[in-house]
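The tour begins at a pocket and then turns to annotated positions.

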Amino acid sequence: MPGNEDIQLPRKMSELAAGFDLHAAVTEPETLQPGERKLIPTGFAMAMPAELEAQIRPRSGLAFKHGVTCLNSPGTIDADYRGEVKVLLINHGQQPFVIERGERIAQMLFQIVPDVEIAETEELPETVRGAGGFGHTGV
């Protein structure tokens with residue numbers, strides 16, 4: 001996007017990486033206080049084929065070292081979205097965290113979205129599990 005020519009496009013950091021790292025396109029350093037959340041721009045927009053979605057996920061290093069992660073994770077970017085990609089970060093750590101321009105803040109993975117049709121029915125087929133959920137099989 002204009003004004004962000006210095007920000008790297010999403011890229012994989014290793015040959016077998018699943019995700020593309022996203023970089024902060026903040027105009028000045030942003031401080032994320034403990035418990036605070038902010039929407040951080042990445043400086044790019046994109047178009048995807050209709051059968052894809054992009055998922056925004058946390059970077060494990062930021063989560064482990066600083067307690068900084070993504071809310072609404074994974075966040076979904078639909079194929080028809082054309083706005084700037086932004087990342088919703090939250091600081092679960094004990095210390096303020098400063099986001100610098102160009103810093104890697106999240107990762108983006110692409111997934112195929114199946115064409116699904118939802119149909120109403122009066123009853124469902126039986127299974128061994130039935131309606132059991134939320135830890136019904138043990139710890």
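**The largest pocket**

The largest pocket holds about 250 Å³ of space, a volume being the space filled by probe spheres set on grid points joined across faces, edges and corners. A pocket here is an open set of points on a 1 Å grid over the protein atoms alone, where a 1.4 Å probe fits, with protein on both sides within 12 Å along at least five of seven lines; lining residues have an atom within 4 Å of a point.

Select the 15 lining residues; the closest to the centre are Ile56, Gly75, Thr76, Ile77 and Lys86. The lining comprises nine nonpolar, three polar and three charged residues (nonpolar: Ala, Val, Leu, Ile, Met, Phe, Trp, Tyr, Cys and Pro; charged: Asp, Glu, Lys and Arg; polar: the others, Gly among them). Strands β6 and β7 each contribute at least two lining residues.

The model is predicted: local features need pLDDT of at least 70 and side-chain atom pairs pLDDT 80 or more, whereas totals for chains, interfaces and linings use all residues. Numbering runs from 1 along each chain as its sequence is written, and side-chain values use heavy atoms, without hydrogens and water.

**The annotated positions**

Next, select Arg59, Ser60, Gly61, Asn72, Thr76, Ile77 and Asp78, which an unreviewed UniProt entry labels "binding site"; such annotations may be inferred rather than shown by experiment. They span 20 residues of sequence and are spread in space, up to 26.4 Å between C-alpha atoms. Of this set, Asn72, Thr76, Ile77 and Asp78 belong to the lining of the largest pocket.

Finally, centre on Asp78, in the loop between β6 (75-77) and β7 (86-91) (strands are DSSP E runs of at least two residues, helices H or I runs of at least four, numbered from the N terminus). Asp78 is partly exposed, at 45% relative accessibility (buried is under 20%, exposed over 50%, partly exposed in between; 1.4 Å probe, protein chains only). Gly61, in helix α1 (residues 60-66), is partly exposed at 23%.
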